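Reader: Could you take me through some of the packing and pairing here?

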Amino acid sequence: MPTWTRPRPAPALATAVLVLSVPVLAACSGNSEDDVRDAASSFLEAWAGGDTAAAAAGTTDPDAATALLEQTTTDLPEAALSTELGEVSVDDGTATVGWTATWDLAAAPDWTYESTLRLEEGDDAWQVVAEPALIHPELGEGQHLQLTRTLPDRAPITDGTGAPLFAPTEVVNVGVDPAQVTDLPTLAAGLAAATGVAAEEIVADVEAAPEGQFVPVITLRRPDFEAIRAQVFDLPGAVFPTDTRLLAPTARFAAALLGRVGAATAEVIEESADDGVARYAAGDQLGLSGLQRAFQEQLGGTPGFTVTVVSTDEGTADAGMEIAAVAPQAGTAVQTPLLPAVQSAADAAVATQELATHLVVVRPGTGEILAVSSNEVADAGNALNGQFPPGSSFKTVSATALLSTGTLTPGTAVPCPGTTTVEGREFENQDQFDLGTVPFTEAFAQSCNTTFIQQALQLPDPALAEAATSYGVGTDWQLPVGVFGGSVPADSTGTTKAANAIGQGEVLASPAQMALVAAAIASGTPAAPVEVVGGEPAGPAPAGPGQAVLDALRPMMRQVVLSGTATALADRGEVYGKTGTAEYGSNTPPDSHGWFVGYQVAGPQGDIAFAVLVEAGQSSSAAVGVTDAFLGNLG
């Protein structure tokens with residue numbers, strides 16, 4: 001269990017000024033007890049308010065009192081004092097006042113103790129006796145307080161089985177020993193080429209470092225260091241001390257959900273470059289994100305402390321006398337529904353793409369998020385809260401709206417021309433393919449834009465938004481780590497209504513929300529997303545579109561895999577889905593994202609639902625390829 005002790009910085013200036021009038025003519029007031037109480041109260045109020053000069057002025061020896069109070073500010077840095085007066089006793093020119101001190105210690109529990117002030121009657125007023133015991137009853141001449149904090153063990157974030165997701169992992173701290181440097185520009189260039197850290201940053205850090213101080217460049221897991229060892233090991237001045245940190249299985253492992261991996265454990269004690277002062281920081285101070293930040297207080301627990309009376313003579317070998325101690329309280333674990341096997345399969349799948357790619361996996365019926373994966377070039381946060389047009393993957397929702405009318409069935413014959421025009425704007429199928437008149441199932445399987453536009457224009461304006469709402473699309477989910485629930489306007493008309501029907505126009509969604517849509521179709525029981533097992537519900541469970549609609553929609557999604565636009569997945573078990581190509585931007589022709597949303601029944605990990613987005617993938621085939629790799633990785 002790591003411990004650290006704050007060194008004694010220079011005495012801080014008073015943080016508040018409290019103007020006091022020391023009671024005068026106390027001996028002539030006729031009520032010595034009240035005068036003693038007033039004198040003690042004035043002293044304590046000034047001390048607690050940070051006005052050392054005012055507090056010391058009410059003592060028998062202002063210089064000695066000032067030294068005592070300033071030493072205590074050094075001994076208990078950033079601590080705030082509150083006081084409560086107790087019993088007053090007066091006896092022939094002397095008095096005592098009982099009082100209770102409560103120190104609000106920085107990054108530690110409060111410290112409370114009972115003490116007594118001694119006062120003497122002066123010529124004009126009662127004065128607090130300037131002696132070490134006014135700080136603490138156990139403090140004597142030539143002594144001061146020493147505060148040592150003890151950090152608790154940080155509680156783990158666990159997977160869906162309760163097993164910790166983080167394990168002790170060897171890391172190598174790549175850095176510079178300035179005393180060994182022979183050619184700084186060459187050293188910086190070599191380290192930059194191997195690590196990706198800018199050479200000018202390395203030079204600046206080394207030149208600014210105090211003499212004899214190790215200058216960190218980057219911390220790498222052992223395998224990552226071994227990959228660059230030959231490039232950096234023989235560079236004069238480069239040094240490589242090792243350490244152990246609690247890390248997730250990989251650097252990208254569920255990064256969008258878990259947050260900054262390793263910081264919460266390895267960097268909770270931060271050594272300041274200028275004075276070596278260690279501090280216990282809150283999540284926002286450490287730059288944590290994700291669940292690491294949302295549950296920082298729960299995971300981090302409460303530091304303990306000891307207070308010891310030690311000699312003011314730094315040359316004295318004095319172990320000190322312990323006068324107070326509070327044991328640290330370990331944090332409480334946070335359980336996620338993540339499954340490492342599913343997460344690892346997803347990570348390996350997105351790594352096959354050079355473009356920014358995301359894959360989110362959800363358990364049908366529960367909304368539990370089993371995996372959140374983004375590859376190295378992607379902004380990991382987009383997996384959960386990115387706002388993208390979902391393209392034809394949204395036809396799962398449009399088909400729900402159409403089937404809900406009762407006038408359209410999977411077997412209904414519908415036209416699928418190569419193009420269709422709405423209010424002067426032409427919409428087309430990919431490469432303007434023309435199927436003629438086909439069953440609605442085939443139009444869905446082949447992703448016929450013109451069919452969906454023509455049919456959707458006959459719906460009431462709010463119908464598409466109502467169908468989306470039945471799956472939870474548009475919900476403002478309340479989660480530790482935000483999930484964008486999507487946006488589908490209820491009042492669109494004309495060309496916007498036509499574009500919305502094919503997941504363009506004003507429709508937006510995140511990969512996580514589209515995975516939730518697929519999960520709702522798979523189970524028939526839409527659920528709010530779950531990031532933490534046993535946590536507060538993210539919102540009410542969506543109502544769902546009704547069993548008749550789901551019974552019609554599921555075979556249509558199965559046909560996408562058997563004979564439609566995702567036949568590459570036909571040998572991956574019982575898979576259902578919908579491809580999507582979503583245009584964006586102002587280029588001509590427009591760029592496109594590639595989507596696949598769907599679910600697998602009774603696979604190696606049971607029933608799972610998922611959404612894959614390949615940003616700028618230009619075609620849904622890119623997303624289908626990632627899905628194929630993912631399902632193959634599952635076994």
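Author: Two strands count as paired if DSSP finds at least two bridges between them. Strands are DSSP runs of E with at least two residues, helices are runs of H or I with at least four, and both are numbered from the N terminus. This is a predicted model, in which local features need pLDDT of at least 70, side-chain atom pairs count only at pLDDT 80 or more, and totals for chains, interfaces and linings use all residues. Residues are numbered from 1 along each chain as its sequence is written, and side-chain values use heavy atoms, leaving out hydrogens and water.

Reader: Over how many bridges do β23 and β24 pair?

Author: β23 and β24 (residues 591-603) pair over eleven bridges, in the antiparallel sense. Glu-583 has Ser-592 of β24 as its bridge partner.

Reader: What is the strand order in the open sheet?

Author: The order is β18-β17-β25-β24-β23, with antiparallel pairing. β18 (369-374) and β23 (574-584) each have a single partner strand, so one side of each lacks a neighbour in the sheet.

Reader: Changing topic, how are α14 and α16 oriented to each other?

Author: Helix α14 (residues 395-404) packs against helix α16 (residues 449-456) at about 40°, with the axes 11 Å apart. Axes are lines fitted to C-alpha atoms, for helices over the stretch in contact, and angles run from 0 to 180 degrees between N-to-C directions. The two helices are therefore oblique to each other; angles under 35 degrees count as roughly parallel, over 145 as roughly antiparallel, 65 to 115 as roughly perpendicular and the rest as oblique.

Reader: Which residues of α14 make the contact?

Author: Lys-395, Ser-398, Ala-399 and Leu-402 do, against Asn-449, Phe-452, Gln-455 and Ala-456 of α16. Contact means heavy atoms within 4.5 Å.
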